[in-house]
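Subject: Structure handover

Hi,

Here is the structure I promised to pass on. Please open it first, then read my notes below.

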Amino acid sequence: MSTHFQPAASFLLSLFLLVGCTTRSAYRPVSAGTHEERHTYKQGADKAEQRAIAREREHECLEKYSDSNFWLGHVEMTEYGTYQDPRQMSQLERQIEQDTHTGKSLFKNGITVVVFVHGWFNNAQEENGNLNNFRHMLSDLGAEQKQQGRGVLGVYLSWRGGSISSTPLKFLTYWGRGRTSDVIGQGMVEPLARIRNIHWLVASSAGRASAASLDIYQNSRLVFIGHSFGGRALYTAVAKSMETSFMPPYWAARSFPAAKGKGSRTQATMQRVTGVGDLVLLINPAIKSLPYRPSHYAMSSNTMVNYDSKQPVLMMVLSAKNDVPNKSLLPIGETLGNRFRDWFARPDDRKEASQNTTALGHWPLYRTHDLELMESGQFQLTKVGTYFSVTKKDKNGVKTTLPLKTLRPDLMNFADSRGNRRIVTDTGNPGLLPFMVVSTSPKIINGHSDFWLGSGSSKAYDFVKFFISAQNKAVGAARADQAAPAQSRVMPTSY
């Protein structure tokens with residue numbers, strides 16, 4: 001290539017990339033009209049009506065559908081893990097606080113908050129498929145939660161999942177978007193904490209007495225969902241906090257069990273651990289297996305420590321068996337990204353090197369359950385046999401196989417409101433653990449992104465809805481032991 005042509009080629013390439021870049025501005029600024037009340041969400045609107053509705057709400061940071069029992073708030077993050085518009089979160093908090101002062105509050109008896117963090121190529125544009133599917137899911141969930149006396153708040157926590165719009169080049173953004181999702185995760189700690197505080201805000205507002213506040217708090221739920229790179233960002237935001245909460249009481253009970261008598265020790269029961277919400281759900285997360293090792297070891301080696309009788313599941317990974325991007329492409333991307341370093345690891349480090357280039361849901365030793373869809377429409381949750389027993393040798397070399405400790409199955413009601421059992425297990429004990437990695441068949445999650453309500457053959461939404469409903473007893477029992485919330489108010493913020 002001639003020296004005269006190189007600058008011209010560089011200029012043309014740079015121009016092509018700039019033309020294909022997506023916007024860095026907020027899609028839903030607070031100043032653009034923020035909380036239009038629409039009353040009812042229309043799922044079956046014709047195309048012309050859908051376009052008209054989309055034009056009305058395409059820039060709103062808070063959408064209200066009170067007659068459909070849900071609101072949808074938008075919180076956008078920058079490339080640096082900061083708020084795109086800090087007023088989005090403040091507006092959400094203040095609108096909820098104002099609503100609880102009205103006699104017709106959507107959340108007067110309790111609130112279900114569902115936070116969704118999208119993945120690669122997605123954002124908060126009105127035509128985005130993830131956003132529209134999430135809105136559809138909230139509508140369905142709003143009807144279901146109304147029977148429990150809860151209003152639904154959805155929070156679409158978005159970021160610049162796609163940095164360029166040019167189709168031929170967007171797949172080259174894997175490394176940049178992966179690093180950005182890590183930064184987003186680090187910056188998400190504050191918004192997640194403020195979203196978690198919404199439960200206390202609803203329970204303690206309007207001068208309610210402590211007993212009434214506790215009733216409302218016990219009837220509230222909080223679920224975080226992340227997909228693909230969004231799952232990676234969510235894991236980055238919550239993993240250390242959850243490990244820090246879980247590990248000290250676990251190792252205290254494991255290292256210092258109660259004395260039973262001379263020369264023997266009885267098994268200890270660790271104190272109950274609460275997560276950042278009632279459940280963190282990661283769907284096909286683009287996460288390497290290596291960071292999950294501490295949680296895996298605590299689960300897979302626990303033959304001594306009993307979990308608290310009211311301990312719920314804290315985090316669940318749902319990974320599709322036919323998720324090609326994570327199963328096949330993530331190892332290639334991570335290997336190229338670390339310049340083949342893991343290919344040439346020392347023999348003692350090869351296991352860790354392999355985990356550093358393998359997606360969490362596809363490392364066999366970390367898989368706790370398989371999930372299948374039966375012909376009856378029920379979900380079959382099966383324990384992976386090799387995970388739930390540990391073989392140990394005594395000082396004489398005699399081998400003993402011990403079962404792993406699991407959560408209390410009697411706190412999980414796998415039947416729906418009509419008493420029909422929707423989730424069945426291979427044994428009486430489903431083998432629930434505080435942290436679970438579940439491998440799903442294509443009938444439940446088909447590929448990387450087919451998991452939404454009404455999306456293709458996906459049944460993932462149904463399973464998640466039934467599982468959360470089943471866990472309600474454990475969550476309610478755990479919340480019942482907590483003190484009534486103190487008065488919570490929205491504090492002014494400035495950036």
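Let me start with the cavities. Three cavities of 30 Å³ or more were counted. A cavity here is a set of points, on a 1 Å grid over the protein atoms alone, where a 1.4 Å probe fits but cannot get out. Grid points are joined across faces, edges and corners, and a volume is the space filled by probe spheres set on the points. Rolling a probe the size of a water molecule over the atoms shows where empty space is left.

Two notes on the source: this is a predicted model, where local features need pLDDT of at least 70 and side-chain atom pairs count only at pLDDT 80 or more, while totals for chains, interfaces and linings use all residues. Residues are numbered from 1 along each chain as its sequence is written, and side-chain values use heavy atoms, with hydrogens and water left out.

The largest cavity has a volume of about 110 Å³. What lines the largest cavity? There are 13 lining residues, meaning residues with an atom within 4 Å of a point. Met 137, Ile 225, Ile 283, Phe 451 and Tyr 461 lie nearest the centre. By class, the lining has 13 nonpolar, no polar and no charged residues. (Nonpolar covers Ala, Val, Leu, Ile, Met, Phe, Trp, Tyr, Cys and Pro; charged covers Asp, Glu, Lys and Arg; the others, Gly among them, are polar.) Helix 13 (460-480) is one of the elements that supply at least two lining residues. Helix 13 gives the largest share, three residues. Helices (H or I, at least four residues) are DSSP runs, numbered from the N terminus.

Helix 4 also supplies at least two residues of that lining. Asn 130 sits in helix 4 (residues 129-146). Is Asn 130 buried or exposed? Asn 130 counts as buried because its relative accessibility is 11%. Buried means under 20% relative accessible area, exposed over 50%, partly exposed in between (1.4 Å probe, protein chains only). Leaving aside neighbours within four places in sequence, Asn 130 is in contact (heavy atoms within 4.5 Å) with residues including Phe 116, Tyr 156 and Trp 452.

Now look at Gln 98, in helix 3 (residues 87-99). Gln 98 counts as partly exposed because its relative accessibility is 48%. Its C-alpha atom is separated by 10.0 Å from that of Val 202, 104 residues apart along the chain.

Best wishes

Methods. On a 1 Å grid over the protein atoms alone, a cavity is a set of points where a 1.4 Å probe fits but cannot get out, and a pocket is an open set with protein on both sides within 12 Å along at least five of seven lines; lining residues have an atom within 4 Å of a point.
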